[in-house]
Amino acid sequence: MLLNYLKVALRNLWKNRGFSFINITGLAIGMASAILILLWIQNEVSYDQFHEKKDRIYEVWNRAIFSGQLHCWNTTPKVLASAMQHDFPEVEHVARLNFGSHLLLTVGDKRLSSEGNMVDSDFLQVFTFPLLKGDLNTALVDMHSIVLTQTLAKKLFGAEEPMGKLIRVEDKENLKVTGIVADPPNNTRFQFEYLMSWAYYRHEHGDDLQWDNNSTRTYVLLKPNASVAGLAPKMKLIKGRYEPDEPKWEMFLYPISRWRLYSSFKEGVEQGGKIEFVRLFGIIAGFLVLIACINFMNLSTARSEKRAKEVGIRKVVGAPRSALIAQFIGESMLLALIAGALAIGIVQLSLHGFNELTAKRLFVPYGSPYFWIAGLLFVLVTGLLAGSYPAFFLSSFQPVKVLKGTFKKAHALITPRKVLVVLQFTFAITLIICTIIVKQQISHAQARDTGYDRNNLVYHYLTGDVEKNYVLIRQELLSSGAASAVTKTSAPLTQAWSDTWGFTWDGKDPNDKTDFDRYCADEELAATAGIQLVAGRDFDLKQYPTDSTGVILNESAVRAMHFSKPLGQVIGDDNVKWHVVGVIKDFILRSPYSPTTPMVIEGAKGWFSVIHIKLNSAHSTEEDLAKAKAIFSKYNPVYPFEYHFIDEDYAKKFDDERRTGTLTALFAALTVFISCLGLFGLATYMAENRIKEIGVRKVLGASVTGLASLLTRDFLRLVLISLLIASLIAWIAMHIWLQGYAYRIAIEWWVFAAAGLMSVGIAVVTVSFQAIRAATANPVKSLRTE
């Protein structure tokens, strides 16, 4: 019997090759899209979940009120680690981690600029990064030790044994390789090429015992039987114990399971995070498969007349309804298996491009039995979902009516088939509207005035001897014509590296906790970056040597400090008295979607990490960079000339939104394509089913235009209903999404009109081909049997 069912299924597939192709193609594309999305979701939900002690790992966070709002953040004082280790018996290990460091590593003639972290010696005991060589307990104890990843060890030493070998770091210190660690997987926040001892960090930067300097991340491994609930009240008060001036400042432990997906806070309370995108794309994956299944349902039920006699005869000869249901579901399972195999091929071909788009390193785990079990279940569920409604619909035919030809029902206003078509296009149009609005929001932020000139502006970190030879480098850059202006700053113009609420000034409210961005520049910042001065002047150390302790405020800082006459005002910071020499227009240092924050730019007595160079627009960029490279090589020969364009850095601020917009557009296009496949199939069948009616109408004088309109009218009505429903859904969804941006667009009516015209146009093109073909057919051929 099973063999007979298989033969019948294969014959039906071959006999109706066009409809089979539409069904298999739609299902394969829907399943492939869902698999790609599920791979992305699996990567996101598994972030840092591979650590063996994950149930006991926490990150320390701060919670305090600034600028009238309750903020939470995950940078902490360096001294916190030792305090926790000393005060809390519940703590097994504490590990600090600095922000990523780009250091020059030299082995013989090989020089590599590599990114890594400096960590406490307990880091490898808290987190599971398998140490392939070396001792887990001692690898990072010594100040002059370094642990390399497999990849970096191979780059530096090739086939040689790296253990015990020396590496020159920043052309200053020799460190010994004490361990080789497996490369970090792509689903962890810790992406490093090397790990160095915290003792080395302390040797280089000193021992910071200040509780008000939040500049590192602190991770805690609790003892197996420790109570988090019992430790929480003590954590809450730890800063107040050591810093009595901050009694309302709290600290809390944040579990590793929440880091990736939930670490977005508003007024001190979790407000989602990446989990919202995981849910969104999970819904999209489900709908893509559902839409493909709807195609199968619609085409199968629309072609019911073709198989009605088969059902009637099988019932007459004794086939029970359950056998017919099993047969039809089996056919859909077979079709789903074929589509599933095709989907795997599509996934493999498109995975590289999908990885580029999502900035991931996703892969299909062919070697995992769980993948094949999950894949088989996915295919079977898809086949069951696609085939269930047609199976019950076809098996319900009464043999007497079928064999008499009276089983057809009159046209109903609402039918399951119409509902399914509306559902398909509702989802497709919703995604089209969302794509347009996301693209609008990105364009709106990109068009925002940054407050400085990004063109021909590059920066270079103060590596090696650059700071020591800065004056000579600056002079030669200007005299050679490579640059029109040069300045030294504490950070790139696109990044905020330091902020503080500790500034003091005359008349400051003691309860004022306004947070200010802190920046440093030596001179010619306005000339180099094209920043507009609204009062006073730029730093000028030649004419005004006291500008070394001068500050420049932005307009937001002037308002925050309530200065009516800011020039000459004195501001205190870190026991230094700074005097205001100028005021600049606000410029975007952080997110282009957020309001600009108050900013204080300190003079030459500040700290510096970056040199900004305004390339000479009179020459080509290549010529300017070639001259600059020669100058840097002359005064900093050990280090490579590694420059960065400010405009490229600024463009990266839009990466997340651009990626979301591109993915939404891609899924919208796939949804529309799958929906149109089904619509094309339905239009084809409807044209075939009404061929005699069309012939009669044509004989009676109906025009081709009138007949085409007759055949497309019903479909267009369904698309218009979908547009109304989709517009409401998309408006609600996008209104909620836009609330996350302070600098945002208003949703305009033309977006819905454009989506409507686009969807109607696509539907008309899809259906009209078959409609016109049927309308132009010779009526003699369709009526000759009459």
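This is a predicted model: local features need pLDDT of at least 70, side-chain atom pairs count only at pLDDT 80 or more; totals for chains, interfaces and linings use all residues.
Figure 1. Because 5 of the 5 residues of E8 (residues 145–149) are buried, the strand is largely enclosed by the rest of the structure.

Figure 2. Phe192 belongs to the loop that lies between strand E10 (173–181) and strand E11 (194–197). With a relative accessibility of 5%, Phe192 counts as buried, because the cut-off for that class is under 20% relative accessible area. Glu115 is 77 residues away from Phe192 along the chain, yet the C-alpha atoms of the two residues are separated by 5.9 Å.

**Figure 3. An aromatic cluster that includes Phe192.** Ring pairs link Phe50, Phe123, Phe127, Phe129, Phe190, Phe192, Tyr219 and Trp259 into a cluster. A search of the whole structure finds 39 aromatic pairs. One of them is formed by Phe123 and Phe127, whose rings are tilted, with a distance of 5.0 Å from centre to centre and an angle of 45 degrees between the planes. Both Phe123 and Phe127 are buried.

Figure 4. In helix H6 (residues 198–205), the residues Trp198, Ala199, Tyr200 and Tyr201 are buried. The buried residues of H6 pack against a set of strands, namely E4 (91–97), E6 (110–119), E9 (166–169), E10, E11 and E12 (214–222). At the start of the helix, a side-chain oxygen of Ser197 reaches to within 3.1 Å of the backbone nitrogen of Ala199, and just after H6, Gly206 takes a positive phi of about 85 degrees.

**Figure 5. Two arginine side chains placed over aromatic rings.** The charged end of Arg63 sits over the ring of Phe252, at 4.3 Å from the centre of that ring. In a second example, Arg537 lies over the face of Tyr544, where the distance to the ring centre is 3.7 Å.

Figure 6. Strand E16 (residues 457–461) is largely enclosed by the rest of the structure, because 4 of its 5 residues are buried. Strands E16 and E26 run antiparallel and are joined by 5 bridges, with Leu457 standing opposite Lys614 in E26. Strand E16 also runs antiparallel to E27 (residues 643–645), to which 3 bridges join it, and here Tyr459 stands opposite His644 in E27.

Figure 7. Asn616 is found in the loop between strand E26 (610–615) and helix H18 (621–635). The relative accessible area of Asn616 is 18%, and the residue therefore counts as buried under the cut-off of 20%. The side chain of Asn616 reaches the backbone oxygen of Gly481 at 3.0 Å. Apart from its neighbours within four places in sequence, Asn616 is in contact with Gly481, Ala482, Ala483, Ser484 and Asp624.

**Figure 8. The whole protein, as context for the close-up views.** The secondary structure of the protein comes to 24 helices and 27 strands, and buried residues make up 51% of its 786 residues. Of the contacts in the protein with a separation of 6 or more, 79% are accounted for by residues 24 or more positions apart. The accessible surface comes to about 36900 Å², and 59% of this area belongs to carbon and sulfur atoms.

Notes
Residues are numbered from 1 along each chain as its sequence is written. Side-chain values use heavy atoms; hydrogens and water are left out. Helices (H or I, at least four residues) and strands (E, at least two) are DSSP runs, numbered from the N terminus. Buried means under 20% relative accessible area, exposed over 50%, partly exposed in between (1.4 Å probe, protein chains only). Contact means heavy atoms within 4.5 Å. A polar contact is a pair of N or O atoms within 3.5 Å; within protein, one must be able to donate a hydrogen and the other to accept it, and residues adjacent in sequence count only if both atoms are side-chain atoms. Rings of Phe, Tyr and Trp (its six-membered ring) pair if their centres lie within 6.5 Å; planes under 30 degrees apart count as stacked, over 60 as edge-to-face and the rest as tilted. A charge sits over a ring if NZ of Lys or CZ of Arg is within 6 Å of the ring centre and within 35 degrees of the ring normal. Two strands pair if DSSP finds at least two bridges between them. Accessible areas come from the Shrake-Rupley method with a 1.4 Å probe; for residues, only the protein chains shown count as cover.
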